[in-house]
Structures are given as C-alpha cells and as structure tokens.
Amino acid sequence: MKARVTVTLKNGVLDPQGKAIEGALGALGFAGVGGVRQGKVFDIEIAGTDADKAKADLEAMAAKLLANTVIENYRVEIVG
Amino acid sequence: MKSAVVVFPGSNRERDMIATLEKISGQRPVSVWHADSELPKVDLIVIPGGFSYGDYLRSGAIAARAPIMAAIAREAERGVAVLGVCNGFQILCEAGLLPGVLMRNAGLRFICKEVELRVETTASVFTSGYAKGQVIRSPVAHGDGNYRADDETLARLKGEDRIAFRYVGNPNGSIDDIAGILSEKRNILGMMPHPENLIEPLNGGTDGRPLFESALKAVA
C-alpha cells in the first residue's frame, strides 16, 4: 500500500521560511499571493492489505516522529 | 564529578565540552555513543552541540529517538543533572524531556556571535553560581534557536521560575527572549548558547565557568 502523511504548521505558528517564499513569489511577479505556509510530505510504502491497521500505524508514526505536535498538524491518507 | 558526554552522528561540539568538563572537574568525562542503551553512573550527563543526523526532519528529531535517550530519561528521573547545549537543547525538547520546540531563527540566518544573557533564576545546580539578574556573555552558533511554546507552557515556565536565561537583545526571535529553560524537577537545563566556550581567559572570558563549577559543587 502507498500512504501519504502531510505535515503542516499549526495556525498561529510563525513560518519565516513560508514568508521568505511568499516574498520570492512576489519578486517573480506573481501578484495576489496572500500567504505561504511550508510543510512536509512523506510518501510511505506499507506492507499488508489492511488499510485500517495501516492508517492506525501511520497515525502513530506521525505522532511519534514525523510531526512535532507542539507546532505541527498531520494528515494521513492511503493513496493506493 | 563524574560526567558523561553523549555523542551522536553529527555532534561537533563534544570536544569543547569534554575539554571544559575535564578542566573544571579534573576528571575526563566518559564519551557515550548514541546507540548504547546504558549509561555509566555519573553525576552529570551532557548532550553537546552539533548537527546530529544533519538536522534531518527537524533539528534533534532523529537523535531524540536514539537508544541512549531512554537511559538519559531514566537517569534524569532519578535526579541526575542533565545539560543540553544548542543541538543538545533541541534534542531534549524533541525527546519531551523539556517542553517546547526550537524553530528556524526568525531572521532565517545562521547566527554565530557573542550575545548577552540575563540569569533569571539561581535555583538550579547550573545557575546557583550566578547572581539573579546578572548579565553574562556567551557565544551562540545556531540556525534553529527560535524557542516556541504554547501560552499555557510559557505561563507554567514563568510561574514555576523555570526560565534559566533570557537574551539581552533577542538574536533569533525566541518567545519571551528565552535562551534556556529548566525541567520541572530543575535538574535538566537546555540552552542554545555555549557556556563551555567561555571558561578561561584564552577563550576571551570566563562567564561560562560558574555554570560548570556550581554543578560540580552540587555533587561534591
């Protein structure tokens, strides 16, 4: 199974890297960019066919390592 | 004083820390490899600075899950003093031994310079050699030193007198100018600045010395 874990910064957490990217997009002439938040995507290959178990495992992986829940949220999906 | 310095792949300040501990305590610290799961019986455990695992994922995130960390947590629970400097502070936060997180510097630049710190509490084995409110010099060298914690955690840190050092002139955007914090039991100190690099006149000053001397005195 292929799974995807998406980690994003929580609302209200400052993201200076996102701000810098936003500035660079403006410099390239892209008008109307109202904000950029940088996150991370993990594509994970999981053995087995039990999607519920895989999802539970991925939730645990995200909570224990992939995200720092002080500042980040995560979302888990089975993508194929 | 018996001490141990924990070394991860990518640590790079362990030699400075070992030299400092040896000079001040008269005993060479034991180097402990991150993959070990046991620590020797020591009075002080130090996690030095560096770039453990190349700062992959988040600074300190991979190192915080290394086998040695469970042993450090056990010893800390018994009351053994634990000091994390720079990457060591990041690792302690990622391991949940200290609250909060160190994010990318607000100005996005790596900062390598000398800063001033105000000693905010003398109630710990690491800060009892200073005077409350004393301003000391200390080098900093980090890209991810921007301390963040939620409002509740910050209120607890303040209410429980657990902010050890604040920056005088915040270099990295840290919330409430925080440069170093103590654990609930006050035996774990995490700080971004490098007191081990200012312990004798040849370093340009001795402001870091009382931190190690008071830890030594506490176990004597």
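**View 1. The buried residues of helix α5 of chain B.** Helix α5 (residues 209–219) of chain B has these buried residues: B:Arg209, B:Pro210, B:Leu211, B:Phe212, B:Ala215 and B:Leu216. Helices (H or I, at least four residues) and strands (E, at least two) are DSSP runs, numbered from the N terminus. This is a predicted model, where local features need pLDDT of at least 70 and side-chain atom pairs count only at pLDDT 80 or more, while totals for chains, interfaces and linings use all residues. Residues are numbered from 1 along each chain as its sequence is written, and chains are lettered from A and ligands numbered from 1 in the order in which they are written.

**View 2. Chain A on its own.** Chain A has 2 helices and 3 strands, and along the sequence they come as β-α-β-α-β. The radius of gyration of chain A, taken over C-alpha atoms, is 16 Å, well over the 12 Å that the globule rule gives for 80 residues, so chain A is more spread out than a compact globule. That rule is 2.2 Å times the number of residues to the power 0.38. The C-alpha trace of chain A spans about 45 × 25 × 15 Å along its principal axes, and 14% of the 80 residues count as buried.

**View 3. The sheet of chain A.** Here is an open sheet of 3 strands in the order β2-β1-β3, with antiparallel pairing; strands pair if DSSP finds at least two bridges between them. β2 and β3 of chain A are the edge strands, each pairing on one side only. Between β1 (residues 2–9) and β2 (residues 40–45) of chain A there are 6 bridges. Look for A:Lys2, whose bridge partner in β2(A) is A:Glu45, and for A:Val5 opposite A:Phe42. β1(A) is also joined to β3 (residues 72–78) of chain A, by 7 bridges, and A:Arg4 stands opposite A:Glu77 there.

**View 4. Where chain A touches chain B.** Here 9 residues of chain A are in contact with 11 residues of chain B, contact being C-beta atoms, placed from the backbone, within 7 Å. On the chain A side, helix α1 (residues 16–27) gives the most, with 3 residues.

Methods. Two residues are in contact if their C-beta atoms, placed from the backbone, lie within 7 Å. A residue is buried if 20 or more other C-beta atoms lie within 10 Å of its own, exposed if 12 or fewer, and partly exposed in between; C-beta atoms are placed from the backbone.
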